[in-house]
Amino acid sequence: MIDANQTSFSRDVIEASREVPVLVDFWAPWCGPCRMLGPMLEKLEAEYGGRFRLVKVNSDENPELAAQFRVRSIPYVVAFVDGQPVDAFVGVLPEGQLRAFLAKLLPDPSEIERRKALKLADAGAWDEAAAALRASIALDPGNDAARLDLATLLLERMPPPVTEARINEAREVLAHVSAAAKLEARYRALQTHLDSLAQAARLPSVDELQRRIEAQPGDLQARLDLARLYIAQRRFEPALEQLLEIVSRDRKFGDDIGRKTMLAVFEMAADQPALVSRYRRRLAAELHR
């Protein structure tokens with residue numbers, strides 16, 4: 001438990017809640033019910049072992065904060081998650097109701113492992129991040145977000161080369177996402193990348209495919225194969241150029257695979273917004289030609 005004020009509130013509550021849920025207890029020394037609720041919250045904080053953080057704000061000494069959160073009566077408890085207030089209650093709740101209130105806020109063990117993995121990945125600790133994501137999936141095989149995160153790590157975030165073992169693990173991970181997750185753009189992008197990597201070893205070289213296209217510009221299979229090689233190499237602009245040419249020449253080729261693959265590449269190249277925007281405009285113009 002810590003005491004916060006106007007100066008420390010952003011650090012102690014807003015930023016801290018991006019790590020774990022934070023309960024802010026607005027209280028005052030003269031408030032009898034506050035003296036009942038405070039020890040109960042402190043006991044639960046100790047019992048939960050860091051799964052949430054308790055912050056106390058003296059409303060008399062911090063009237064600006066009390067006004068900001070429209071504190072009309074105390075004790076008043078506000079719950080913060082990911083930097084935002086998400087729930088609140090007024091007065092003293094029985095311990096059972098306090099536990100129920102916390103249960104709605106606290107991530108399950110699988111989600112805790114997933115969040116840990118994301119931080120490790122951001123720090124470049126690739127193997128540790130992968131281990132945490134595998135642990136997250138083991139704790140909850142239905143955690144689609146952890147599955148998609150692990151596939152992303154294996155195929156896109158870990159340094160090259162993307163080995164056959166990484167490809168096989170990503171394929172296994174993606175094979176078990178839910179039907180709902182398979183409708184998401186992120187899943188389709190990962191599946192396209194996975195397919196491109198798997199096919200790359202069996203495809204002709206970039207130079208050979210370029211020669212085929214120069215000799216026969218209407219060879220759409222060669223263009224698609226070349227685009228897949230570029231996708232496997234994460235060379236998105238030349239891949240999009242070949243796919244757009246397929247759309248331009250034959251929208252029906254491969255069940256509209258040119259357009260569908262472009263949409264998946266847009267998702268993969270989300271960190272290149274200018275490139276994505278340019279090719280979205282060109283695709284739209286081609287489709288409405």
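At roughly what angle do the axes of helix 5 and helix 6 cross? To find out, select residues 109-122 for helix 5 and residues 126-139 for helix 6. Keep in mind on this tour that you're looking at a predicted model.

**Stop 1: helices 5 and 6**

The two axes cross at roughly 165° and come within 8 Å. Angles over 145 degrees count as roughly antiparallel, so that's what we call helix 5 and helix 6. The crossing of helix 5 past helix 6 is left-handed.

Now show the side chains. On the helix 5 side of the contact, pick out Pro-109, Ser-110, Glu-113, Arg-114, Lys-116, Ala-117, Leu-120 and Ala-121. They meet residues of helix 6, including Trp-126, Glu-128, Leu-133 and Leu-139. Colour this contact by class and you'll get 10 nonpolar, two polar and four charged residues.

**Stop 2: aromatic rings**

Next, look for rings. How many aromatic pairs does a search of the whole structure find? There are seven. A pair like this is described by the distance of the ring centres and the angle of the planes.

Start by selecting Phe-26 and Tyr-76. Their pair is tilted, with 6.3 Å centre to centre and 35° between the planes. Phe-26 sits in strand 2 (residues 22-27) and Tyr-76 in strand 4 (residues 76-81), so the pair ties together parts that are 50 residues apart in sequence. Are these two buried or exposed? Both Phe-26 and Tyr-76 are buried.

Now jump to Phe-89 and Phe-101. This pair is edge-to-face, 5.0 Å centre to centre and with 80° between the planes.

Before you leave the rings, select Phe-9, Phe-26, Phe-69, Tyr-76 and Phe-80 together: they form one aromatic cluster.

**Stop 3: helices 12 and 14**

Last, select residues 236-249 (helix 12) and residues 273-287 (helix 14). Their axes come within 10 Å and cross at roughly 5°, which makes helix 12 roughly parallel to helix 14.

Show the side chains here as well. From helix 12, residues such as Phe-236, Leu-240, Leu-244 and Val-247 take part in the contact, and among their partners in helix 14 are Leu-275, Tyr-279, Leu-283 and Leu-287. Sorted by class, the contact has eight nonpolar, one polar and five charged residues.

Technical notes:
Residues numbered from 1 in each chain as written. Predicted model: local features only at pLDDT ≥ 70, side-chain atom pairs only at ≥ 80, totals over all residues. Heavy atoms only, no water. Axes fitted to C-alpha atoms, helices over the stretch in contact; angles between N-to-C directions. Helix = DSSP H or I, 4+ residues; strand = E, 2+ residues; numbered from the N terminus. Parallel < 35°, antiparallel > 145°, perpendicular 65-115°, else oblique. Left-handed = near helix turned anticlockwise from the far one by under 90°. Contact = heavy atoms within 4.5 Å. Nonpolar A, V, L, I, M, F, W, Y, C, P; charged D, E, K, R; others polar. Phe/Tyr/Trp six-rings, centres within 6.5 Å; stacked < 30°, edge-to-face > 60°. Buried < 20%, exposed > 50% of the residue type's maximum accessible area, 1.4 Å probe, protein only.
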